[in-house]
Amino acid sequence: MLRARDMIDRAYADDLDIPALARAAHVSDAHFIRTFKDTFGETPHRYLQRRRIERSMFLLRETRQSVTDICFAVGFSSLGTFSRTFRAIMGESPTEYRRHTAGLPPVPTCFVMNWYRPSTEVKPAPQ
């Protein structure tokens, strides 16, 4: 399972599928999904999405790239899917996140990652 998770961490922007990840873990597809969820607390797909969102958060904070460019750079093939997934995980749109974090003082990245680490829970949309 660690091999498959490392593969996701390394190649999060690539087109990853369950058969390739299961081969990396040396198990069948169905067994891989069940065991990955039991081991890491979320499905491989959800882990991949969260990993992509984590990377996009960094790019939104630290670069001037457009949201569209960041969307494609982290592996999403649709801006709509990226925005919807970002909002579901973070509770705000990528543009709102960028605006919200623009004035942060320079601090070590590990602190920022801890403060803004996306959770596996889906956050409700603001009212």
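**How do you know?**

Trainee: Why is glutamate 96 called partly exposed?

Mentor: Glutamate 96 has a relative accessible area of 31%. Buried means under 20%, exposed means over 50%, and partly exposed is in between (1.4 Å probe, protein chains only). Since 31% falls between those cut-offs, glutamate 96 is partly exposed. Bear in mind that this is a predicted model, where local features need pLDDT of at least 70 and side-chain atom pairs count only at pLDDT 80 or more, while totals for chains, interfaces and linings use all residues. Residues are numbered from 1 along each chain as its sequence is written, and side-chain values use heavy atoms, leaving out hydrogens and water.

Trainee: What makes arginine 87 and glutamate 96 a salt bridge?

Mentor: A salt bridge needs a side-chain nitrogen of Lys or Arg within 4 Å of a carboxyl oxygen of Asp or Glu. Here the N to O distance is 3.7 Å, so the pair passes. Elsewhere, salt bridges with shared partners link Asp9, Glu42, Arg50, Arg51 and Glu54 into one network.

Trainee: How many salt bridges does the whole structure have?

Mentor: A search turns up five. One of them joins the side chains of arginine 51 and aspartate 9, at 3.7 Å from N to O. Arginine 51 is in helix α4 and aspartate 9 in helix α1, so the pair ties together parts 42 residues apart in sequence. Another pairs arginine 50 with glutamate 42, whose closest N and O atoms are 2.6 Å apart.

Trainee: Are arginine 50 and glutamate 42 buried or exposed?

Mentor: Arginine 50 is buried, and glutamate 42 is buried as well.

Trainee: How do you know how many helices and strands the chain has?

Mentor: They are DSSP runs, numbered from the N terminus: helices are H or I with at least four residues, strands are E with at least two. By that rule the chain has eight helices and zero strands.

Trainee: How do you know that the span of α4 agrees with its 19 residues?

Mentor: The expected span is 1.5 Å times one less than the number of residues. For α4 (residues 44–62) that gives 27 Å, and its end C-alpha atoms are 27 Å apart, so the two agree. Helix α3 (residues 29–40) passes too: its 12 residues should span 16 Å, and its ends are 16 Å apart.

Trainee: Why is α4 called largely enclosed?

Mentor: Of its 19 residues, 15 are buried, so the rest of the structure largely encloses α4. Take serine 56, which is in helix α4: at 0% relative accessibility it counts as buried.

Trainee: What makes aspartate 15 exposed?

Mentor: Its relative accessible area is 80%. Aspartate 15 sits in the loop between α1 (2–10) and α2 (18–25).

Trainee: And histidine 26, why does that count as exposed?

Mentor: Its relative accessibility is 63%, so it clears the exposed cut-off. Histidine 26 is in the loop between α2 and α3.

Trainee: What is the phi of histidine 26?

Mentor: It is positive, at about 60°, although histidine 26 is not a glycine. Most residues other than glycine have a negative phi.
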